[in-house]
Amino acid sequence: MEKEALRKELKVSAIENGTVIDHIPAASVFQVINILNLSAFENQILFGTNLESQKMGKKGIIKVRSKFFASDEINKIALVAPTATLIVIKNFEVVEKKKVSIPDKVEKIVKCFNPNCITNHEDVPTRFQVIDKTDLKLRCHYCAKITAKDSMTFKS
Ligand SMILES: [Zn+2]
């Protein structure tokens, strides 16, 4: 039944090859587009927000043609849209469907909140331990300061 519903949904704007990011919190769709730098992407992108969802009430969805996300990118998605599901499509078939998960460690992709941190002054990649996955909090390996969800910015 679920598969049939999914097929119906994909039919609306089927992609031959690519990735569908589903179950994005409705308020986070544009943030996901930004952190993945999709505005600079040249292939077809379809997105919707405030779509009805049985699970979430309202959700967002992004379909990116001919794009398969790398683990760094998937970690970024997980940090801003922890409810997201990635659906990988090849030849119009769903070949993989997985929920994103917030990693235990976050490297390079997030900036440290502390302006005095070495990572903001020297060419040192950031490293964080995720100390709270529900109310997202990252502890910097270098300065031990906590970067929380509200103050999180991403490296491009
Ligand atoms: Zn730091």
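What share of the contacts in the protein chain with a separation of 6 or more comes from residues 24 or more positions apart? The share is 57%. The notes below concern a predicted model.

1. Overall fold. The protein chain contains 3 helices and 9 strands. Read from the N terminus, the order of elements is α-β-α-β-β-α-β-β-β-β-β-β. The protein chain is as compact as a globular protein of its length, because its radius of gyration of 17 Å is close to the 15 Å that the globule rule gives for 156 residues. The C-alpha trace spans about 50 × 30 × 25 Å along its principal axes.

2. Burial and surface. Of the 156 residues in the protein chain, 40% are buried. The accessible surface amounts to about 9400 Å², and carbon and sulfur atoms account for 48% of that surface.

3. Charge. The protein chain carries 25 positive and 18 negative charges.

4. Helix H3. The buried residues are Glu73, Ile74, Lys76, Ile77, Ala78, Leu79 and Val80; the list includes the charged residues Glu73 and Lys76. The cover over them includes helix H2 (29-35) and strands E1 (18-25), E4 (85-90), E5 (93-99) and E6 (105-107).

5. Ser53. Is this residue buried or exposed? Ser53 is buried, because its relative accessible area of 11% falls under the 20% cut-off. Ser53 belongs to strand E2, which runs over residues 45-53. Its side chain reaches the backbone nitrogen of Lys55 at 3.2 Å. Not counting residues up to four places away in sequence, Ser53 touches His23 and Lys59.

6. Glu96. This residue is found in strand E5, one of the elements that cover the buried residues of H3. Glu96 is partly exposed, because its relative accessible area of 37% lies between the cut-offs of 20% and 50%. Which residues does Glu96 contact, leaving aside its neighbours within four places in sequence? They are Leu86, Ile87 and Val88. Glu96 and Tyr142 are 46 residues apart along the chain, and their C-alpha atoms are separated by 37 Å.

Technical notes. Residues are numbered from 1 along each chain as its sequence is written. This is a predicted model: local features need pLDDT of at least 70, side-chain atom pairs count only at pLDDT 80 or more; totals for chains, interfaces and linings use all residues. Side-chain values use heavy atoms; hydrogens and water are left out. Helices (H or I, at least four residues) and strands (E, at least two) are DSSP runs, numbered from the N terminus. The radius of gyration is taken over C-alpha atoms; the globule rule is 2.2 Å times the number of residues to the power 0.38. Buried means under 20% relative accessible area, exposed over 50%, partly exposed in between (1.4 Å probe, protein chains only). Contact means heavy atoms within 4.5 Å. Accessible areas come from the Shrake-Rupley method with a 1.4 Å probe; for residues, only the protein chains shown count as cover. The place of a charge is taken as NZ of Lys, CZ of Arg, CG of Asp or CD of Glu. A polar contact is a pair of N or O atoms within 3.5 Å; within protein, one must be able to donate a hydrogen and the other to accept it, and residues adjacent in sequence count only if both atoms are side-chain atoms.
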